[in-house]
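I opened the model to go through its helix packing, its sheets and the surroundings of its ligand. My entries follow in the order in which I looked things up.

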Amino acid sequence: MASVLTFDDVSLTRDGTTILDHVTWQVTSDQRWVVLGPNGAGKTTMLQVAASFLHPTSGRAVVLDELLGATDVFELRPRIGFASTALARRIPGNERVLDVVMTASYSVTGRWNEQYEEVDVRRAERVLREWHLDGFGDRLFGTLSDGEQKRVQIARAIMTDPELLLLDEPAASLDLGAREELLQLLGAYASEPSSPAMVMVTHHVEEIPPGFTHALLLRTGAIAAAGPLDDVMTSENLTAAFGLALQVTRDGDRFTARAA
Ligand SMILES: Nc1ncnc2c1ncn2[C@@H]1O[C@H](COP(=O)(O)OP(=O)(O)OP(=O)(O)O)[C@@H](O)[C@H]1O
């Protein structure tokens, strides 16, 4: 399988603080990764390197065969789907949902004078339908519920048919029903062989969608464990990563964790 993401001894320092510490990691096109770790472990920073928003201080990061630091990131970014709360904050509340999704083609938030073709409109409508947002195209983004907004963000991220999909805490702040609906949709999407490689950051093992294949546990910027879900999602590994005695249980394709 083709490699879509390679971190080779990647470290990242900001204002004298080491945030990523010698991270070596590879993602191939058929894999769907979840990244877990305590607050401040460096999960978002890792995703931002994968999205080409940050460059390593040392080591090599290769994204979709392009070496960061030696490539034009403006050509690379449209090939990467990225959804995060920070990005969603930049979406104007009075933007039409269809425009929120379509503007991904130009990597902008907020429609201005870009010209869209009928094919863009039809694709945006189809993606909205697939994420249970049929009939939402004319609604204003700011009037949607949290759950609906999260699904719009993902629809936007996949609008450009990316080769790598990065999701930063897509289920954060959702109520139980909205979370389960989102996980079901993410699970179905992850299970399709035609879907792109995926990396999803989350705080909760309960939010690992079915269909995900691999996990990476991060602790103070370094990898505590990484590999196939079954190998990594053990009580011992989670205990070491979170610095707290934890008991992990698997029920079918879902996980739960609690203090041991
Ligand atoms: N510009 C910066 N200068 C210095 N430190 C920074 C900077 N940006 C982030 N950090 C620090 O880097 C560490 C990792 O941050 P990051 O947001 O990647 O962690 P995270 O695992 O995603 O955390 P959380 O789970 O709380 O979202 C944190 O300790 C944070 O304070």
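**Helix α6 and its neighbours**

I began with the contact in which Asp146, Gly147, Lys150 and Arg151 of α6 meet Ala178, Glu181 and Leu182 of α7. For the classes, Ala, Val, Leu, Ile, Met, Phe, Trp, Tyr, Cys and Pro count as nonpolar, Asp, Glu, Lys and Arg as charged, and the others, Gly among them, as polar.

Two notes on the source belong here. This is a predicted model, in which local features need pLDDT of at least 70 and side-chain atom pairs count only at pLDDT 80 or more, while totals for chains, interfaces and linings use all residues. Residues are numbered from 1 along each chain as its sequence is written.

Helices (H or I, at least four residues) and strands (E, at least two) are DSSP runs, numbered from the N terminus. I then looked up the packing geometry: α6 and α7 (residues 176–191) pack at an angle of about 20°, with their axes 9 Å apart. That angle makes α6 roughly parallel to α7 (angles under 35 degrees count as roughly parallel, over 145 as roughly antiparallel, 65 to 115 as roughly perpendicular and the rest as oblique). Axes are lines fitted to C-alpha atoms, for helices over the stretch in contact, and angles run from 0 to 180 degrees between N-to-C directions.

I traced an open sheet with the order β6-β7-β8-β3-β9-β10 and mixed pairing. Two strands pair if DSSP finds at least two bridges between them. At the edges I found β6 (80–83) and β10 (222–228), each pairing on one side only. From one strand to the next the twist averages 15°.

Strands β3 (residues 32–36) and β8 (residues 197–201) run parallel and are joined by 4 bridges. Val34 has Met200 in β8 as its bridge partner. Strand β9 (residues 214–219) pairs with β10 in the antiparallel sense over 6 bridges, and Leu216 stands opposite Ala226 in β10. The hairpin of β9 and β10 has 2 residues between the strands, and Thr220 there takes a positive phi near 40°.

**The sheet of 4 strands**

I found a second open sheet, ordered β2-β1-β4-β5, with antiparallel pairing. Its edges are β2 and β5, each with a single partner strand, so one side of each is left without a neighbour in the sheet.

Strands β1 (residues 3–14) and β4 (residues 58–63) pair over 5 bridges, with Phe7 opposite Ala61 in β4. I counted 2 bridges from β4 to β5 (residues 66–67). The hairpin of β4 and β5 has 2 residues between them, and Leu64 in the turn has a positive phi of about 50°.

**The ligand shell**

Which residues surround the ligand? I listed Arg14, Asp15, Thr17, Ile19, Gly37, Asn39, Gly40, Ala41, Gly42, Lys43, Thr44 and Thr45 (C-beta atom, placed from the backbone, within 6 Å of the molecule). Two or more of the shell residues come from each of β2 (17–28) and α1 (43–50). The largest share, 3 residues, is from α1. By class the shell divides into 2 nonpolar, 7 polar and 3 charged residues.

Conventions
Contact = placed C-beta atoms within 7 Å.
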